[in-house]
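This briefing covers the fold of one chain, taken from the overall layout down to single residues. The sequence and structure come first.

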Amino acid sequence: MPKAPLITYIRVSTSGQGRSGLGIEAQRHTLAHFALTEGYEVSYEFVEVETGKGSDALDRRPQLRAALTAARKLKCHVGVAKLDRLSRDVHFISGLMAHKVPFVVAELGPDVDPFVLHLFAALAEKERTLISTRTRQALSAAKARGVTLGNPRLHVARRTAVDVVKAEAERYAANVIPIIREAQKAGASTLRQVADALNARGIPTARGGQWYAQSVANILERA
């Protein structure tokens, strides 16, 4: 059975990241896994180095515009690793939907419809706003207490928080891996079958959602 074509779009947010390749290979790897496990074949890849801020960001993203054009010609989806690689702006996401080009997000799985993508975009925008507000409040409070902003101890605290999050992810993976191995022994030979087995057992992902082939692949990579 022939595989469905897929246009992949990769975006990094700064010219420094573009030069170093930071983030590009990770997105490419995620999309390659997604295509392999979900029956797609990558026809073209478009890589963008852009800030992506503002509702008119498409004017500053020629590679995304080119990806949309290529997808319309092939009558296929545009694939991204994460929704925020398109944008964190819900209005911008809505504008992209108006181009009548369907999107698939590897992180969310292949069966998420446009309405759900709108919901995820709205939640991401709200989360971004809350984080920005809390950050400003925390910095103001720290300044009021006489803390010198840029203090190395603040950077240590940030690194500690990242370490905690990473440790939690590793701990969750360690708990799920034995269940995945059991499912494989029971006959689940593909990532999608493993995901179905986890969903059937009522086991949520670390974020409390459904399992997909890519989310199983992410866990296995930590093993």
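**Overall layout**

The chain has eight helices and four strands (DSSP runs numbered from the N terminus, H or I of at least four residues for helices and E of at least two for strands). This is a predicted model, in which local features need pLDDT of at least 70 and side-chain atom pairs count only at pLDDT 80 or more, while totals for chains, interfaces and linings use all residues. Residues are numbered from 1 along each chain as its sequence is written, and side-chain values use heavy atoms, with hydrogens and water left out.

- Along the sequence, the elements follow the pattern β-α-α-β-α-β-α-β-α-α-α-α.
- Of the chain's 223 residues, 34% count as buried (buried is under 20% relative accessible area, exposed over 50%, partly exposed in between, with a 1.4 Å probe and protein chains only).
- Among contacts in the chain with a separation of 6 or more, 68% are between residues 24 or more positions apart (contact means heavy atoms within 4.5 Å).

- Four strands form an open sheet in the order 2-1-3-4, with parallel pairing (two strands pair if DSSP finds at least two bridges between them).
- Strand 2 (40-49) and strand 4 (103-105) are at the edges with a single partner strand each, so one side of each has no neighbour in the sheet.
- From one strand to the next, the twist averages 30° (axes are lines fitted to C-alpha atoms, for helices over the stretch in contact, and angles run from 0 to 180 degrees between N-to-C directions).
- Strand 1 (residues 4-12) pairs with strand 2 in the parallel sense over nine bridges, and Arg11 stands opposite Glu48 in strand 2.
- Helix 3 (residues 62-74) packs on the sheet, where it touches strand 1, strand 2, strand 3 (77-80) and strand 4. The direction of helix 3 makes about 160° with that of strand 2.
- Strand 1 also pairs with strand 3 in the parallel sense, over three bridges; here Leu6 stands opposite His77.
- Strand 3 and strand 4 are joined in the parallel sense by three bridges, with Val105 in strand 4 as the bridge partner of Val80.

**Helix 7 and helix 8**

- Helix 7 (residues 191-200) packs against helix 8 (residues 213-222) at an angle of about 95°, their axes being 8 Å apart.
- That angle makes helix 7 roughly perpendicular to helix 8 (65 to 115 degrees; under 35 is roughly parallel, over 145 roughly antiparallel and the rest oblique).
- Helix 7 contributes Leu191, Arg192, Val194, Ala195 and Leu198 to the contact, and helix 8 contributes Ala213, Val216, Ala217 and Leu220.
- Eight residues of this contact are nonpolar, none is polar and one is charged (Ala, Val, Leu, Ile, Met, Phe, Trp, Tyr, Cys and Pro count as nonpolar, Asp, Glu, Lys and Arg as charged, and the others, Gly among them, as polar).
- Leu191, Val194, Ala195 and Leu198 are the buried residues of helix 7. Seen down the axis of helix 7, they fall within an arc of 100°, so they line one face of the helix (the arc is that of the directions from the helix axis to the C-beta atoms).
- Gly202, which follows helix 7, has a positive phi near 75°.

**Helix 4**

- The buried residues of helix 4 (residues 90-97) are Val90, Phe92, Ile93, Leu96 and Met97.
- Viewed down the axis of helix 4, its buried residues fall within an arc of 160°, so they line one face of the helix.

**Lys75**

- Lys75 lies in the loop between helix 3 and strand 3.
- Lys75 is not a glycine, yet has a positive phi of about 55°.
- Lys75 counts as exposed, at 78% relative accessibility.
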